[in-house]
Amino acid sequence: MICETCAKELVLALAAAILGVAFPLLVGAIQRIDDKYGSTRLVGLFAKERATICFCFFLIATIIELFAYIVILPKDWEVRLADTIWYEAWGYMAAVCCIGMVVGLLWVVYLIRVYYDAPRLQKRLLQGNVSLEKRKAWFELWAAIIKKTDNIDVLRPCYQSYYEWIINYRLGKEKKEVEYPPELYDGVIAINEILCASKKKVVSIHNGNDIITALWDDFQQTQLSEKTYHVIWTCLFQQLHYKHYDWLIVYWRMAHQHLLFSMQSYYEGERIQDNKGNFVTITAEEASKRESDRKKFKEFHTALGAMLLYKKEYGLLKQMLYYSNAKPPQYVLLYNDLAEIIPTFMELVADTWDNPFRLERDYPFPDLQSGVRNNSIINGWIQRYLALMVMRLYTLPQDYTYRNYLFALPDTPAELATKQAWLDNIPLLKTRLQEVSKADWLQEVLEEDATSLNMYQRMKQLSGWLDDFKDQLQGKIQKQRQDQPLSDKEVREFNDIAIAMTNRNLAAYRAALSGNVTQNFSEYDIHAVIREVEPLEAFADEKTISYINIKESLSAMLLHMFRGYLLNTFMFQRPLQYRVFTENMDMAIKKMQLNRDEHLILCIGLDTLSIWKDANPLSEGRFTTSDGIEIQELLGEFNSPMDRSLVILNKCDLPQLEFMPPSDGIKEKFHLEKIDDAYQLYTSVVKLKEDEELYDLARRRGTYSSKQLQESVMVSADINARVRWKLYTHMVQIKVLYQYLDNGSDNVNSISPFNRYYSKKA
């Protein structure tokens, strides 16, 4: 049993410990961590440590035990004797709290020492499974170390841990694009900003670029992602902003070595040693991917050079343009002959149309706030940089270069569209060269005295070479346009479109004009044909421009002609004609006293529902009025007198429409082939260069020159039909008028019953 005096002394001792030592120690430790590292995340991690939680638990338990002992302790001695066991329990609880407080205090003291010692704290943060919060706290620890110390023993483990993290993250991702976690990217940018702003020489990160170039992969054969390139670009701009030109030069040197030794070109069938020491054979896909990676890496540093030109950092740019670590010199990050520069320039200009915001997204220039023009401005500066590459060729050491090789023109591209794009952009290249040759800053960038800059002669020479290249492109374009074969795919697509449009346009006519006329009839032949001369490339695989809707336009031309001829046969029947506004149409139809079993309404070039709101649909294009009169919609023809008309006639007077094939002579002459049985649709696409008779026919029209005809085809399409109308067909035509669109008045009051009129006429 614990006596009353001992219990009170114990309670007082605990109270003194709580108020005098434990709580101030905890608060002071948190304040010191915040002052030392300036990191709220480290403070938060300290508060979540087991030692801190244990200490706080016993701290709270002690406070509860203290107040419970004072409040619950009875003052009556007799009651105390009766409840001796409770006094024992409270005594033991006080002892446990006291021991817990002591252990927790010692544990917290140990933890405080760990947090005050940066190397030990870093080791603690990175042991085991590292959470996202711990990783962010570690970057803040690293930043604080850089700000406050140059101790190599402290900084080297930071960099080593960073490098190991990157290596471990790449494991199992060989030959794949690697995008690191966002916290790594954020940390790299933050650390680089601190390094740039710091005036101290950090020993373990001796040039400020190790944290950036660690993102490159020299051993594990992984590939850089777009996000990684963006982070490197941001870091380089930070260095430029703080005028760390020496760091940028060192970065350029390391990039040069990385491309030269770690990103060598692959060739299909080549055997190389992988990162595990095994020999593997390079596939065509791997060779292509490596070339694409090299191209992206080189493009990145081309954009960097353009940014330096934009920022007027001529001295720095000059050092980069002539840096080499070998003899004869190698400039692997630059374009070193016209055969490289011209294709790069042409691709850059084409990229403006294909990806109008890519350059602004991948290589944003500092202080450029021109909105949608940003991408074009960046593109323009890269063009100037490439023009500068051309001028630089004149200044390369003659001991190691062969001038004819430097200025050898590139091969022309295989694709016809690319050839045409290059031809169109040669004047732009000449303009950029002229602009750079006259620039005041040119002599500050090139390794050449101003007195030796004979720009007039050089521009004259370059213009001559580019003119020769232009002539070469024009000749190959013309030859390819004439010689390329017709594309089966393009011709088949034209036929499919013609069939679909014919069915869509003439199906209603074929269904409606289905009478059986065998005697006492008038017969009309309809020949709808097109013989159009079109560019060969419109029906070939290779194109210089886009021929949007040309196949639809040709098909529509044929169908407009056929509908126009067919609707003219309606006029030959001399229908009785009226003019009626839409609002009076119900009155007009009622006055005609039509019979649902005998009569039919053809709605030509009109929307039935716009005239009769209560029309009942039967099928597509077929309706009935409220009185049961059948309505058949037919496509109109804008230049036909029958357009926008209602035609009323007896069902027994419907004409007979029959589709016919063209004559054998026509089929042979124009090489026509049937592509649809229902409408006897015939088409052909013939190269004029290969058919002398059709070539002469097209030449006699006088519309095209001989050169144009050599690069053209004749597109032919035929629809032939025969229409039979009964003699003295009874027909009424009501021209539909619209308010606010048509002038004049209608003659609805003159309408008489349909049968009465024709019975009188008979």
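Helix 12 (245-262), helix 13 (284-310), helix 15 (338-354), helix 16 (358-362), helix 17 (374-393) and helix 18 (403-406) each contribute at least two residues to the lining of the largest pocket, where helices (H or I, at least four residues) and strands (E, at least two) are DSSP runs numbered from the N terminus. The model is predicted, so local features need pLDDT of at least 70 and side-chain atom pairs count only at pLDDT 80 or more, whereas totals for chains, interfaces and linings use all residues. Residues are numbered from 1 along each chain as its sequence is written, and side-chain values use heavy atoms, with hydrogens and water left out.

The largest pocket has a volume of about 1,000 Å³. A pocket is, on a 1 Å grid over the protein atoms alone, an open set of points with protein on both sides within 12 Å along at least five of seven lines, while a cavity is a set of points where a 1.4 Å probe fits but cannot get out; lining residues have an atom within 4 Å of a point. Grid points are joined across faces, edges and corners, and a volume is the space filled by probe spheres set on the points. Of the 37 residues that line the largest pocket, Lys298, Leu334, Tyr335, Glu340 and Thr344 lie nearest its centre. Helix 13 gives the most to this lining, with eight residues. The lining of the largest pocket divides into 19 nonpolar, seven polar and eleven charged residues, with Ala, Val, Leu, Ile, Met, Phe, Trp, Tyr, Cys and Pro counted as nonpolar, Asp, Glu, Lys and Arg as charged, and the others, Gly among them, as polar.

Helix 13 also gives the most to the lining of the second largest pocket, again with eight residues. This second largest pocket has a volume of about 720 Å³ and is lined by 32 residues, of which Thr222, Gln223, Met263, Arg290 and Asp293 lie nearest its centre. Strand 2 (223-224), helix 11 (226-241), helix 12, strand 3 (271-273) and helix 13 each supply at least two residues of that lining, which by class has seven nonpolar, eleven polar and 14 charged residues.

The largest cavity has a volume of about 50 Å³, and its lining consists of Leu338, Ile341, Ile342, Val390, Leu429, Leu433, Leu462, Trp465 and Leu466. Helix 15, helix 19 (416-437) and helix 21 (455-483) each supply at least two residues of this lining, which has nine nonpolar, no polar and no charged residues.

Strand 6 and strand 16 (residues 731-737) run parallel and are joined by six bridges, with Gln577 standing opposite Gln733 in strand 16.

Strand 13 (residues 673-676) and strand 14 (residues 681-687) run antiparallel and are joined by three bridges, and the partner of Glu673 in strand 14 is Thr683. These two strands form a hairpin with four residues between them, and Gln680 in the turn has a positive phi of about 50°.

Some loop residues also deserve attention. Asn549, in the loop between strand 5 (521-535) and helix 23 (550-571), has a positive phi of about 65° although it is not a glycine, and Asn549 is partly exposed, with a relative accessible area of 45%. Tyr728, in the loop between strand 15 (712-726) and strand 16, has a positive phi near 60° and is exposed, with a relative accessible area of 75%; buried means under 20% relative accessible area, exposed over 50%, and partly exposed in between (1.4 Å probe, protein chains only).

How values were computed. Two strands pair if DSSP finds at least two bridges between them.
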